[in-house]
Amino acid sequence: FRTLAAEDAERWRFLASLLDGMAAGDELSRPLRLVRAEAHLWIGDVERAVFEFDQLMMLDAALRRSIIDLYRRAIERASGSATLHVALYHLCLDEEAFADAAQHLCRTLELDPSQIRDVMQKFDKLVERDPGNTAIWETMLAGTLAMHRPNRAKDILKRAVAALPPQAAAALHLHGARIATAEGAYDESLRCLEIALDADQADVRGIEAELSSIVERAPRESRAHLLLGRSLARLAREREAVAAFRRCLELSPDHREAVEKALQRLLPLSVEPWILSGLLGEIVWFDGNREEALRLFASALRGPRESLAGLSISLDRVRGAAPDDANIALLCARALTLDERYADAASALASLIDRDAGLASEVNDILQNIVAASPSQLEANALLARIYLDAGDADRSREALARLLTDGSADPAPL
């Protein structure tokens with residue numbers, strides 16, 4: 001019979017009619033009763049099919065697994081039967097597949113909201129059986145929020161926090177954050193997100209999405225940028241993380257210690273440490289650790305050209321606070337050179353040599369890098385000519401000036 005009916009609904013309809021007629025004359029054998037229940041399920045007579053399957057399982061509990069498979073295939077064909085989801089809840093509960101049972105409860109509630117009291121009673125049975133199963137709580141929280149029942153979700157979250165170990169309950173606070181965000185309670189939302197972010201099983205992508213939503217709605221909320229940076233760092237999106245940390249510090253320097261800790265934790269694991277080193281160098285400079293800051297800035301200079309923009313921001317801030325620091329001035333000139341801003345680099349070096357002629361060797365090294373990349377570069381060669389002349393090396397001074405003449409397109413006036 002099953003082979004003949006296959007996936008043809010009309011054949012199943014005929015089969016149901018045939019077996020119903022046979023049953024009217026004589027009691028069907030158990031295998032035929034099973035096929036008749038399956039036929040009723042196929043033609044959409046779900047309540048009758050569930051009743052018939054229940055009777056059969058009372059006679060043979062071993063049928064439960066195969067009936068679960070039948071129900072699941074029926075849901076694939078038509079998922080809109082609350083009766084079928086309730087039936088699957090009971091079967092999954094008997095099989096101790098509690099997370100699956102919770103999913104079918106949520107789907108039941110979605111299809112028939114009038115059953116909320118009954119569904120919540122069934123949910124209570126689930127958590128009584130396995131109160132430490134985080135998946136049950138997670139599924140019910142997601143389901144009630146999807147149905148826009150925030151008060152019910154708050155109650156479930158409160159019970160979950162009381163029932164679960166702190167680390168297991170922490171990840172569920174993402175749902176509390178979603179409730180608070182929807183209500184515009186951003187402080188509470190950020191409190192929940194910080195707890196969720198520290199969880200071992202944190203849904204970091206979900207947390208990042210929620211924080212992005214808060215930042216969009218409240219762009220001057222510095223704590224949101226801090227947590228967004230942490231979540232992006234966990235997702236290995238380091239460039240975006242540093243941008244979020246920078247914005248956090250722009251809005252509130254009070255978060256400097258928290259940002260420093262986040263960067264220090266991330267740095268040893270980073271595949272692009274130069275992205276982090278620039279901002280971290282800025283922070284430790286203002287903390288008074290200048291030697292470490294210089295080391296971090298030097299590390300940041302090893303990155304590709306596209307990473308220099310962030311480093312330049314940090315160097316400019318430090319240089320604004322310490323305009324006479326020669327080491328910072330040299331680092332700024334190196335960054336300008338790597339960014340191929342040769343005229344600006346040479347100008348900065350000229351100012352530096354005017355203040356301290358003893359830096360001629362360090363300045364010379366940077367200028368040599370410039371002329372290696374751009375042999376006829378005007379400002380760099382002019383400064384080299386001057387340095388050599390001051391050192392009494394007229395030949396090398398003339399060589400630097402001669403390089404200027406190799407650029408046929410150069411403006412004659414500066415030459």
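Biologist: Which helix does Lys-122 lie in?
Modeller: This is a predicted model, where local features need pLDDT of at least 70, side-chain atom pairs count only at pLDDT 80 or more, and totals for chains, interfaces and linings use all residues. Residues are numbered from 1 along each chain as its sequence is written, and side-chain values use heavy atoms, with hydrogens and water left out. Helices are DSSP runs of H or I with at least four residues, numbered from the N terminus. On that numbering, Lys-122 belongs to helix α8.

Biologist: Is Lys-122 buried or exposed?
Modeller: Buried means under 20% relative accessible area, exposed means over 50%, and partly exposed lies in between (1.4 Å probe, protein chains only). The relative accessible area of Lys-122 is 10%, so Lys-122 is buried.

Biologist: Which side chain does the side chain of Lys-122 join in a polar contact?
Modeller: A polar contact is a pair of N or O atoms within 3.5 Å; within protein, one must be able to donate a hydrogen and the other to accept it, and residues adjacent in sequence count only if both atoms are side-chain atoms. For Lys-122 the separation is 2.5 Å. The partner is Asp-118.

Biologist: Which residues does Lys-122 touch, not counting residues up to four places away in sequence?
Modeller: Contact means heavy atoms within 4.5 Å. With those neighbours set aside, Lys-122 touches Val-86, Tyr-89, His-90 and Leu-105.

Biologist: Why does Phe-123 count as buried?
Modeller: Phe-123 is also placed in helix α8. Leaving out residues up to four places away, its contacts are Leu-105, Ile-136, Trp-137, Met-140, Ile-156 and Arg-159. Phe-123 counts as buried because its relative accessibility is 0%.

Biologist: What distance separates the C-alpha atoms of Phe-123 and Ala-102?
Modeller: Along the chain, Phe-123 and Ala-102 are 21 residues apart. Between their C-alpha atoms the separation is 7.0 Å.

Biologist: How many residues of α6 are buried?
Modeller: Helix α6 covers residues 82-94 and has 13 residues. From first C-alpha to last it reaches 19 Å, close to the 18 Å expected at 1.5 Å a residue. The expected span is 1.5 Å times one less than the number of residues. The helix is mostly covered, and its buried count is 10.

Biologist: Which helices do the buried residues of α6 pack against?
Modeller: The buried residues of α6 include Leu-84, Val-86, Tyr-89 and Leu-93. The packing partners of the buried α6 residues are α3, α4, α5, α7 and α8.

Biologist: Which residue takes a positive phi just after α6?
Modeller: The phi there is about 60 degrees. The residue is Glu-96.

Biologist: Where is His-148 found?
Modeller: His-148 is not a glycine, yet its phi is positive, about 60 degrees. At 70% relative accessibility, it counts as exposed. His-148 sits in the loop between α9 and α10.

Biologist: What is the phi of Ala-236?
Modeller: Ala-236 is placed in the loop between α15 and α16. Its relative accessible area is 60%, so Ala-236 is exposed. Although Ala-236 is not a glycine, its phi is positive, at about 65 degrees.

Biologist: Which helix supplies the largest share of the lining of the largest cavity?
Modeller: On a 1 Å grid over the protein atoms alone, a cavity is a set of points where a 1.4 Å probe fits but cannot get out, and lining residues have an atom within 4 Å of a point. The largest cavity is lined by Arg-33, Arg-36, Glu-52, Gln-55 and Leu-56. At least two of the lining residues come from each of α3 and α4. The largest share, three residues, comes from α4.

Biologist: Which backbone oxygen does the side chain of Asn-381 reach?
Modeller: Asn-381 is part of helix α24, residues 378-390. With 0% relative accessibility, Asn-381 counts as buried. Beyond its neighbours within four places in sequence, its contacts include Val-371, Pro-375 and Leu-404. At 2.8 Å, its side chain reaches the backbone oxygen of Gln-377.

How values were computed: 1 Å grid on protein atoms, 1.4 Å probe; cavity = no way out; pocket = protein on both sides within 12 Å on 5 of 7 lines; lining within 4 Å.
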